[in-house]
Amino acid sequence: LLLLLMLLLYTGYAPVFFFLERYATGRGIESAGLFFTISITTEIAVRVVAGSLFDKINKILLAVLSFLAIGIGYVVLSGLSGPGMLYGLAVFLGLGWGVVMPVLNALMFDVSSPRLKGFNANLGMQMFQAGFFVGPLIGGAILTHGGFRGLYYFCAACSFLAMALSPAMGRKRKPSDLLQ
């Protein structure tokens, strides 16, 4: 389930990076690259400033709230109206991504048995790579038939599905049910 959540995250995340510049340029925004600088700087800042809090707060709740925020950000992105909105979304989405990515990695570490912590962390990285394959592949097809609105609704759907599935991570399981 956790690997699926990671795959959903990156499947929605990747099309933003693959298609945003063309989308913004089509909306008359010539400096779309600044979105990437702002969002990634925000992601890093969240981890530096609040990273130690992630172990003190319920990780599943953080994941749910982050996926909700990210999904809302994608819906708002689908109606992009100008550079101010784009750069505001860079901060908003950067906050969501900056929280959920390390939280999911921490959850992977928490649910893994000691001998498989490294292996499972690598599987999480594979979900990143898979999302950067699947997201643009599906996103390109959606873009062709549904435009940018359809593309960013798809990204939002990935986040909302991950949000809906996240609470299942907190259900009590027998030790034999966990990654061992």
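Q: What does buried mean for this predicted model?
A: Buried means under 20% relative accessible area. The model is a predicted one.

Q: So where does E43 fall, buried or exposed?
A: E43 is buried, because its relative accessible area is 5%.

Q: Which residue does E43 pair with in a salt bridge?
A: R47. Their side chains meet at 3.6 Å, N to O. R47 is partly exposed, with 33% relative accessible area.

Q: Where do E43 and R47 lie?
A: Both sit in helix α2, residues 33-50. They are four residues apart, about one turn of the helix.

Q: How many salt bridges are there?
A: The count is three.

Q: What does K59 form a salt bridge with?
A: D55, for one, with the closest N and O atoms 3.6 Å apart. K59 also meets D110 in a salt bridge, at 3.0 Å, N to O. Shared partners join D55, K59 and D110 into one network.

Q: And K59, buried or exposed?
A: Buried, at 13% relative accessibility. D55 counts as exposed, at 57%. D110 is partly exposed, at 45%.

Q: Switching to α3. What caps its N-terminal end?
A: N58 does. A side-chain oxygen of N58 lies 2.9 Å from the backbone nitrogen of I60.

Q: How many residues does α3 have, and what is its reach?
A: It has 19, residues 59-77. From first C-alpha to last, α3 reaches 26 Å, close to the expected 27 Å.

Notes. Residues numbered from 1 in each chain as written. Predicted model: local features only at pLDDT ≥ 70, side-chain atom pairs only at ≥ 80, totals over all residues. Heavy atoms only, no water. Helix = DSSP H or I, 4+ residues; strand = E, 2+ residues; numbered from the N terminus. Expected span 1.5 Å × (residues − 1). Polar contact = N/O pair within 3.5 Å; in protein donor to acceptor, adjacent residues only side chain to side chain. Salt bridge = Lys/Arg side-chain N within 4 Å of Asp/Glu carboxyl O. Buried < 20%, exposed > 50% of the residue type's maximum accessible area, 1.4 Å probe, protein only.
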